[in-house]
Amino acid sequence: MEHAVALVTEAMKGAEPQRGEPVEALERVLRATWRQLAQFHALLALNTARLSAEELHRRHVPMLDQLEPLIKRGQKQGVFRSDLPVAWLLAVIRAIVHTASHEIQGGRIPESKAEAAMLSTAVSAISSPATASAG
């Protein structure tokens with residue numbers, strides 16, 4: 001799992017979360033994350049089943065640290081929800097990514113459709129109500 005986290009974290013850094021408009025940057029980072037994570041769906045399922053919530057969070061810190069400044073920037077610009085803490089928005093994104101992976105593993109969504117579903121759901125979940133209604 002440590003190796004997988006390192007690879008996903010590097011993919012996130014390579015996607016340059018600090019560059020561009022927050023929504024576009026989030027989509028780019030999540031897409032890079034998802035494509036790197038694709039080789040670890042079985043490992044993710046195993047670890048989410050066996051590790052405590054606290055341990056899972058601890059192992060995700062390197063990835064969450066990549067997203068936190070991006071989420072804060074989006075909140076400051078009014079495109080991401082500011083009525084909820086950054087930690088909550090990060091937890092929601094993580095849950096959506098994990099759910100997409102679990103749905104692939106369970107055969108309930110084809111891998112070819114999971115990325116688009118994950119992206120649109122994550123962006124919608126954390127977008128400010130004004131941004132969501134304008135889109």
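A residue counts as buried when its relative accessible area is under 20%. Keep that cut-off in mind for the close-ups below, which all come from a predicted model.

**View 1. R28, a buried arginine in helix α2.** R28 sits in helix α2. Its relative accessible area is 14%, so R28 is buried, given that the cut-off is under 20%. What does the side chain of R28 have 2.6 Å away from one of its polar atoms? That spot is taken by the backbone oxygen of R19. R19 also turns up among the residues that R28 touches, together with A15 and E16, once residues up to four places away in sequence are set aside.

**View 2. Helix α1 against helix α2.** Here you're looking at α1, which covers residues 2–14, and α2, which covers residues 22–37. Their axes come within 8 Å and cross at roughly 150°. Angles over 145 degrees count as roughly antiparallel, and α1 and α2 are therefore roughly antiparallel to each other. The crossing of α1 past α2 is right-handed. Which residues do the touching? From α1 it's L7, V8, A11 and M12, and they meet V29, A32, T33, Q36 and L37 from α2. Sort that contact by class and you get 7 nonpolar residues, 2 polar ones and no charged ones.

**View 3. Helix α2 against helix α6.** Now α2 shows up with another partner, α6. The two helices pack at an angle of about 140°, and their axes are 10 Å apart. That angle makes α2 oblique to α6. Their crossing is right-handed. On the α2 side, the contact uses V23, L26, E27, L30, R31, W34 and R35. On the α6 side, look for A114, E115, M118, L119, A122, V123 and I126. How many charged residues are in this contact of α2 with α6? There are 4, alongside 10 nonpolar residues and no polar ones.

**View 4. Zooming in on V123 in helix α6.** V123 belongs to α6, the helix that spans residues 111–126. Is V123 buried or exposed? With a relative accessible area of 11%, V123 is buried. Leave out the neighbours within four places in sequence, and V123 is in contact with V23, L26 and E27.

Technical notes. Residues are numbered from 1 along each chain as its sequence is written. This is a predicted model: local features need pLDDT of at least 70, side-chain atom pairs count only at pLDDT 80 or more; totals for chains, interfaces and linings use all residues. Side-chain values use heavy atoms; hydrogens and water are left out. Axes are lines fitted to C-alpha atoms, for helices over the stretch in contact, and angles run from 0 to 180 degrees between N-to-C directions. Helices (H or I, at least four residues) and strands (E, at least two) are DSSP runs, numbered from the N terminus. Angles under 35 degrees count as roughly parallel, over 145 as roughly antiparallel, 65 to 115 as roughly perpendicular and the rest as oblique. A crossing is left-handed if the near helix is turned anticlockwise from the far one by less than a right angle, and right-handed if clockwise. Contact means heavy atoms within 4.5 Å. Ala, Val, Leu, Ile, Met, Phe, Trp, Tyr, Cys and Pro count as nonpolar, Asp, Glu, Lys and Arg as charged, and the others, Gly among them, as polar. Buried means under 20% relative accessible area, exposed over 50%, partly exposed in between (1.4 Å probe, protein chains only). A polar contact is a pair of N or O atoms within 3.5 Å; within protein, one must be able to donate a hydrogen and the other to accept it, and residues adjacent in sequence count only if both atoms are side-chain atoms.
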